[in-house]
Amino acid sequence: MPTPHSLGATVFGAGRYLVRTAGSMAADVASAAVRTGEVVGGLVSGTAATPGTVRLTVLILSDEHGVPLLHPAQLEPALARADAVLTDGAGVRVRHVGTHVITEPAPTTALNPRANKLLLLDEALGRTDFYHRQLKYVEDTGSVTDVVGRPITAIVVRDIAGRTTGCSLGISADWVVVQAGLFDTERPHEYDETVLVHELGHALNLPHHPSSDNLMYYSSSPPEHVRGTGLNAVQRAVINANRHVVPGVRR
Ligand SMILES: [Zn+2]
């Protein structure tokens with residue numbers, strides 16, 4: 001596996017670099033409407049429609065020494081899993097529009113955030129300013145246009161407090177945090193492809209679900225007891241009604 005430093009040649013002036021996925025510059029709405037072979041039949045309405053689309057941007061923080069927490073390629077299995085889970089379960093594609101590696105050393109408070117209500121408190125008190133400065137950069141580069149279809153940003157951090165490995169403020173925020181170990185195959189007791197899409201579920205307004213077969217089950221314990229990725233009809237409807245999702249088109 002390449003080390004983060006191997007991408008050093010692509011670092012440019014602003015102290016960060018951007019990895020764009022092929023085709024991500026195309027208009028997502030238009031491309032979703034014209035794609036063939038991706039029709040999801042009757043998941044919500046009972047009539048065939050093209051998939052909806054939710055766009056996802058990733059920010060990878062760097063530690064106090066400026067070493068990125070992950071190589072962007074390490075995200076790919078979890079990104080593919082997120083797309084598969086929401087496509088199969090809700091008729092919504094997850095389009096990864098870019099990964100920004102923030103090479104500016106992050107403060108320890110940003111690398112090791114608190115979770116849940118404490119993270120919400122930190123947000124209210126302005127303790128998440130480092131995230132917002134980076135999110136502002138994403139907006140300034142034109143990745144974000146409107147309220148409807150507004151992308152969700154996943155921020156890769158080092159260690160979330162307690163046993164939490166991912167955290168979302170639900171519909172309160174357009175960003176979620178996920179711990180770097182989730183994407184590191186050399187850490188089998190942390191590696192878990194379900195957490196990113198679980199946090200996307202929260203950002204799309206889904207609460208927890210009591211079944212361990214469900215994507216929104218509160219707990220997941222790799223390697224043996226990873227949560228399932230099922231979604232029920234109500235969850236599908238909530239996802240499709242969400243402001244982050246550009247709806248599919250009836251055919
Ligand atoms: Zn959760």
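The exposed residues A233 and V234 lie on the face of helix α7 that is turned away from its buried side. The model described here is predicted. Helix α7 spans residues 233-240, and its buried residues are Q235, I239 and N240. Viewed down the axis of α7, the buried residues fall within an arc of 130°, so they line one face of the helix. The elements that cover these buried residues include strand β4, helix α2 (76-90) and strand β5 (92-105).

The protein chain as a whole contains seven helices and eight strands. Of its 251 residues, 41% are buried. Contacts between residues at least 6 apart in sequence were also examined, and 68% of them join residues at least 24 apart.

Strand β4 comprises residues 52-62, and its pairing with β6 is parallel, with five bridges. In this pairing, V58 is opposite A154 of β6. Strand β6 is also joined to strand β8 (residues 175-179) by five bridges, and these two strands likewise run parallel. Here the bridge partner of A154 is V176 in β8.

Strand β6 covers residues 152-157, and six of its six residues are buried, so the strand is largely enclosed by the rest of the structure.

Methods
Residues are numbered from 1 along each chain as its sequence is written. This is a predicted model: local features need pLDDT of at least 70, side-chain atom pairs count only at pLDDT 80 or more; totals for chains, interfaces and linings use all residues. Helices (H or I, at least four residues) and strands (E, at least two) are DSSP runs, numbered from the N terminus. A residue is buried if 20 or more other C-beta atoms lie within 10 Å of its own, exposed if 12 or fewer, and partly exposed in between; C-beta atoms are placed from the backbone. Two residues are in contact if their C-beta atoms, placed from the backbone, lie within 7 Å. Two strands pair if DSSP finds at least two bridges between them. The arc is that of the directions from the helix axis to the C-beta atoms.
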